[in-house]
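Please consult the sequence and the model shown here alongside the text.

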Amino acid sequence: MSCRHGRIVATKPGAAHSSDTLTIAIAIPEWMDHGLCLEVGDGDSIFFPEKGNNGTAARRICGGCFVREPCLAYALEHGMAGMWGGTSERERDRMRRAVA
């Protein structure tokens, strides 16, 4: 699998010195650059729906995405929150239990 590398920089609130920052290097799978979810303006409300919202908008977007399968596999492997690969956390939990 091909990956690009990214980084997350966290700074303590009120930090005055660069020694107060923490940088974490992460590998990001290349397929993530091609998801239709990147084209959505307010993705948080769509891909992290509130309780009672069945994620219809996310399912519609994911349904037409050609990286849906690797997205779902990634979410299953890494225990991701929210809608991934057109599935909810609950649905992925059921998938894991069915395989176990």
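## Salt bridges

Two salt bridges are present in the structure, a salt bridge being a side-chain nitrogen of Lys or Arg within 4 Å of a carboxyl oxygen of Asp or Glu. The model is a predicted one, in which local features need pLDDT of at least 70 and side-chain atom pairs count only at pLDDT 80 or more, whereas totals for chains, interfaces and linings use all residues. Residues are numbered from 1 along each chain as its sequence is written, and side-chain values use heavy atoms, with hydrogens and water left out.

Helices here are DSSP runs of H or I with at least four residues, strands are runs of E with at least two, and both are numbered from the N terminus. Arginine 59 counts as partly exposed because its relative accessibility is 28%; the class lies between buried (under 20% relative accessible area) and exposed (over 50%), with a 1.4 Å probe and protein chains only. Glutamate 91, at 24% relative accessibility, is also partly exposed.

In the other salt bridge, the side chains of aspartate 93 and arginine 96 meet at 2.7 Å, N to O. Aspartate 93 and arginine 96 are three residues apart in helix H4, so about one helical turn separates them. Aspartate 93 has a relative accessible area of 35% and is therefore partly exposed. Arginine 96 is likewise partly exposed, with a value of 29%.

## Aromatic contacts

The structure contains two aromatic pairs. Rings of Phe, Tyr and Trp (its six-membered ring) pair if their centres lie within 6.5 Å; planes under 30 degrees apart count as stacked, over 60 as edge-to-face and the rest as tilted. Among the pairs is that of tryptophan 31 and tyrosine 74, which is edge-to-face, with 5.8 Å from centre to centre and 70° between the planes. This pair too links distant parts of the chain: tryptophan 31 is in the loop between strand E2 (21–29) and helix H1 (43–47), and tyrosine 74 is in helix H3 (residues 68–78), 43 residues apart.

Is tryptophan 31 buried or exposed? Tryptophan 31 counts as buried because its relative accessibility is 13%. Trp31, Tyr74 and Trp84 together form one aromatic cluster.

## Positive surface patch

Lys51, Arg90, Arg94 and Arg97 make up a positive surface patch. Patches consist of residues with over 30% relative accessible area and no salt bridge; like charges are joined within 9 Å, and nonpolar side chains (Val, Leu, Ile, Met, Phe, Trp, Tyr) within 5 Å. Lys and Arg count as positive and Asp and Glu as negative, while His and the chain ends are not counted. The place of a charge is taken as NZ of Lys, CZ of Arg, CG of Asp or CD of Glu. Accessible areas come from the Shrake-Rupley method with a 1.4 Å probe.

Arginine 97 counts as exposed because its relative accessibility is 57%.

## Overall fold and further contacts

Four helices and two strands occur in the chain, and from the N terminus on the order of elements is β-β-α-α-α-α. Of the chain's 100 residues, 26% count as buried.

Arginine 96 and leucine 76 are 20 residues apart in sequence, with their C-alpha atoms 7.4 Å apart in space. Methionine 80 is in the loop between H3 and H4 and is partly exposed, with a relative accessible area of 25%. Methionine 80 and arginine 92 are 12 residues apart along the chain, and 9.3 Å separates their C-alpha atoms.
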